[in-house]
Amino acid sequence: MSIFPRSLLAVTWLALFTFHCDAAPPEKPARLLEGNHVSELLEGPAAPAEHEAWLRGMKTWRVEQRKLLGPVIAELGDPYSLPQFEWTRTDFVQPQMMAHDRFFFDPQQQRYTVDRYLGDLEARYGGIDSVLVWPTYPNMGIDDRNQYDLWRDMPGGLAGVRQMVEDFHRRHVRVFIPIMYWDHGTRDEGASMPEALAQLAKEINADGLNGDTMSGVSRDFYDASVAIGHPLVMEPENGIADPTGLVWNTMSWGYWWPYQQIPPINKFRWLESRHMTHVCDRWSHNRNDLLQLAFFNGAGHQSWENVWGIWNGVTPKDGETIRRIRMIYKAVPEFLSSPDYIPHYPTLQTGVFATRFPLGDGSLTTMINQTTSTVSGKQLTLPAGDSTRYFNLWTGKELHPDIIGTSATVSFKIEAEGFAAVLAMADTSTTVTQLLADMRKRSNVPPSALSSEWQIMKQQIVPIEKTKPVPQGQAPEGMIAIPAGRYLFEVKGVMVEKNEGNDFQYPWEDRPELKHRHEMDVDAFYIDKYPVSCAQFQQFLEAANYRPADDHNFLRDWNSRKHPAGWDKKPVTWVALEDARAYAAWAGKRLPHEWEWQYAAQGTDHRKYPWGDDKKAKAMPPFANGRVQPLRADVDAHPQGGSPFGVMDMVGNVWQWTDEYKDVHTRAAVLRGGSSYRPSGSNWYFPQAHELNTHGKYLLMAPSLDRSASLGFRCVVDAATAEK
């Protein structure tokens with residue numbers, strides 16, 4: 001039998017199961033694992049001979065830790081026992097879902113498509129129990145809108161969001177919203193964060209708060225929800241640093257890596273067996289290790305796939321594993337909250353680990369095979385009962401144990417790096433009977449027969465049709481001629497989190513990359529000397545009578561479709577990509593491709609800024625980072641900021657729309673030039689990109705959310721081909 005490399009220590013651990021000792025071994029105190037994100041994990045026994053002493057030490061430690069919780073429970077009560085929180089014990093699969101996901105919202109029909117979103121998950125891995133809806137980061141901070149504003153700006157406003165939440169509830173899926181705990185640099189809401197989020201959650205009827213970056217959601221958030229009569233489930237991202245926080249943090253995430261050779265124990269479930277942890281590793285392409293550790297602990301899974309607009313999809317093999325785990329959990333959930341569960345319950349095969357969850361006269365034992373070979377034969381010895389029956393829920397098969405006295409030894413096969421679940425009980429419910437039948441059918445195609453190959457999500461650029469060509473040397477009014485030329489286009493994304501598949505896939509690339517370099521021939525074109533101004537856009541409104549179908553936030557800082565006095569030369573903002581395209585079409589123009597924009601700004605000498613390589617204070621507006629966004633500068637206010645071709649106001653006033661890219665799940669726009677504003681206080685806000693070899697990636701959902709106070713545009717016109 002070959003052993004998976006991470007499990008070399010497990011060979012020694014399990015090979016010693018034949019060791020017996022008449023005297024009870026000394027108690028082994030519980031020990032926390034050390035390392036990144038593992039303070040929520042406790043070490044398992046170093047060897048099976050130590051299991052009894054280790055378990056006594058674990059129980060002693062639990063008693064002492066629970067003493068810390070007593071005063072808090074006496075004061076606060078027991079949130080776990082609240083009827084409205086009972087669902088948390090069976091909340092086994094939860095994705096974080098970008099609100100920008102194309103399966104969730106249809107911008108053409110302007111409606112949320114919850115059924116489509118859930119149908120996709122059910123088809124691929126069996127469905128979910130709750131969802132964390134995420135409309136904020138990484139776009140938040142492009143302007144001064146705070147986290148609550150972005151919820152209000154979602155399609156349909158809060159009334160539309162509430163209906164979307166009800167659509168999830170109709171499908172028995174609970175809804176979480178995030179706490180952007182670091183959001184203290186945007187517009188002041190005028191209320192504390194706990195109060196504001198509790199009120200928002202009540203208004204849209206959300207079920208819980210997820211504490212982004214938080215090591216325990218502080219009690220003031222829970223208290224604020226209780227105070228307004230809408231108690232919320234608290235779910236921190238980074239575990240629970242203060243043990244007393246386990247009282248009101250009834251759920252949590254678990255970043256349980258690096259994976260341990262001897263499976264560790266979830267500290268929070270050990271202290272409170274009703275606590276639900278969703279194990280998460282958002283960048284992992286192979287989730288089997290993660291799922292094994294979750295199953296060993298009776299924990300749930302964070303099935304996060306759309307990671308800030310980057311698709312890290314579940315493979316077919318992992319999808320089948322998630323489906324089976326959830327099916328088992330859903331059929332016998334009461335066992336998983338057993339306060340008397342036994343981690344590292346003795347097994348009979350090398351490399352196989354188990355946790356037994358006893359309840360009444362029955363038990364559920366979750367098992368994982370950490371070896372790279374199928375393990376067959378005797379696996380487990382359980383208490384024997386006169387009428388007890390034994391089933392491997394993973395395969396749907398009844399087991400016929402060898403019974404000697406009060407012990408029943410069951411034999412079966414576990415796939416390489418696979419799973420098993422032994423249910424021992426006298427009477428099988430209808431639910432269990434149905435599960436067994438379903439699992440027998442599914443076993444015709446075991447997970448190992450399915451593909452575990454991870455595939456990157458390919459993107460396509462949204463085509464931009466050329467305009468009617470204008471003869472060379474006849475630049476339209478207000479436009480600058482850009483000659484044809486050979487151009488080395490080099491650019492990189494500035495997003496905070498950079499990972500495989502991030503940024504864009506250009507037409508000449510075979511996959512999305514973060515950095516891009518391509519030598520190309522650029523055809524001649526004309527580009528607006530300045531970004532489109534408020535006066536120009538108002539002329540368009542009056543001539544075309546343009547009214548967007550989704551008009552929320554459209555020209556938000558105007559009054560009755562009229563710009564304020566003195567704003568003639570201000571760049572127009574609060575226009576969506578759709579609005580900018582409509583203006584361009586009316587004007588006989590189009591939006592620029594990104595490389596055209598950069599060529600017009602940079603020329604051919606690869607300068608860092610339009611005016612050269614040194615940052616000049618007088619070449620662009622002064623930078624601001626207060627909680628209120630300042631008024632943007634006039635487009636002609638900084639004549640020293642011109643490009644080699646004489647194009648103005650390209651950097652540091654307003655971001656500018658260029659190309660759009662899309663894949664099956666995400667639409668995103670390339671933003672160029674940066675703006676004069678970024679909130680302070682957190683590195684998580686939308687980064688600036690003033691340098692000409694950088695760009696921003698802006699996720700798109702709907703015009704109501706996409707429009708921004710910092711985002712404008714300029715247009716181009718194609719030049720006729722020069723006659724030879």
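A term to begin with: helices and strands here are DSSP runs, a helix having at least four residues and a strand at least two, and they are numbered from the N terminus. This is a predicted model.

With that numbering, look at the loop between helix H6 (193-204) and strand E8 (208-212), where Asn205 sits. The phi of Asn205 is near 65°, a positive value in a residue other than glycine. Most residues other than glycine have a negative phi, and most peptide bonds are trans. Asp649 also has a positive phi, near 55°. Asp649 is in the loop between helix H15 (594-602) and strand E30 (655-662). Its relative accessibility is 7%, so Asp649 counts as buried.

Next, a peptide bond. The one from Tyr137 to Pro138 is cis, with omega near 10°. Pro138 belongs to the loop between strand E6 (130-134) and helix H4 (147-152).

Now salt bridges. The count for the model is 47. Take Arg171 and Asp115, whose side chains meet at 2.8 Å, N to O. Arg171 is in the loop between helix H5 (157-170) and strand E7 (174-180), while Asp115 is in helix H3 (residues 114-125), so this pair ties together parts that are 56 residues apart in sequence. Arg171 is partly exposed at 26% relative accessibility, and Asp115 is partly exposed at 38%.

A second pair is Asp167 and Arg170, at 3.8 Å. These two are three residues apart in helix H5, which means about one helical turn separates them. Asp167 counts as buried, at 16%, whereas Arg170 is partly exposed, at 45%. Both pairs belong to a network of salt bridges that links Asp115, Glu122, Asp167, Arg170 and Arg171.

What about a charged residue that is buried but has no salt bridge? Arg62, in helix H2 (residues 51-76), is in that position: the nearest side chain of opposite charge, Asp340, is 5.7 Å away. Leaving out residues up to four places away in sequence, Arg62 touches Trp270, Leu271 and Pro339.

Last, two helices. H10 (residues 316-331) and H12 (residues 430-442) pack at an angle of about 165°, with axes 9 Å apart. They are therefore roughly antiparallel to each other. The crossing is left-handed. Among the residues that meet there are Glu320, Arg323 and Met327 in H10, and Thr431, Leu435 and Asp438 in H12.

That is my list; questions are welcome.

How values were computed:
Residues are numbered from 1 along each chain as its sequence is written. This is a predicted model: local features need pLDDT of at least 70, side-chain atom pairs count only at pLDDT 80 or more; totals for chains, interfaces and linings use all residues. Side-chain values use heavy atoms; hydrogens and water are left out. Buried means under 20% relative accessible area, exposed over 50%, partly exposed in between (1.4 Å probe, protein chains only). Lys and Arg count as positive and Asp and Glu as negative; His and the chain ends are not counted. A salt bridge is a side-chain nitrogen of Lys or Arg within 4 Å of a carboxyl oxygen of Asp or Glu. Contact means heavy atoms within 4.5 Å. Axes are lines fitted to C-alpha atoms, for helices over the stretch in contact, and angles run from 0 to 180 degrees between N-to-C directions. Angles under 35 degrees count as roughly parallel, over 145 as roughly antiparallel, 65 to 115 as roughly perpendicular and the rest as oblique. A crossing is left-handed if the near helix is turned anticlockwise from the far one by less than a right angle, and right-handed if clockwise.
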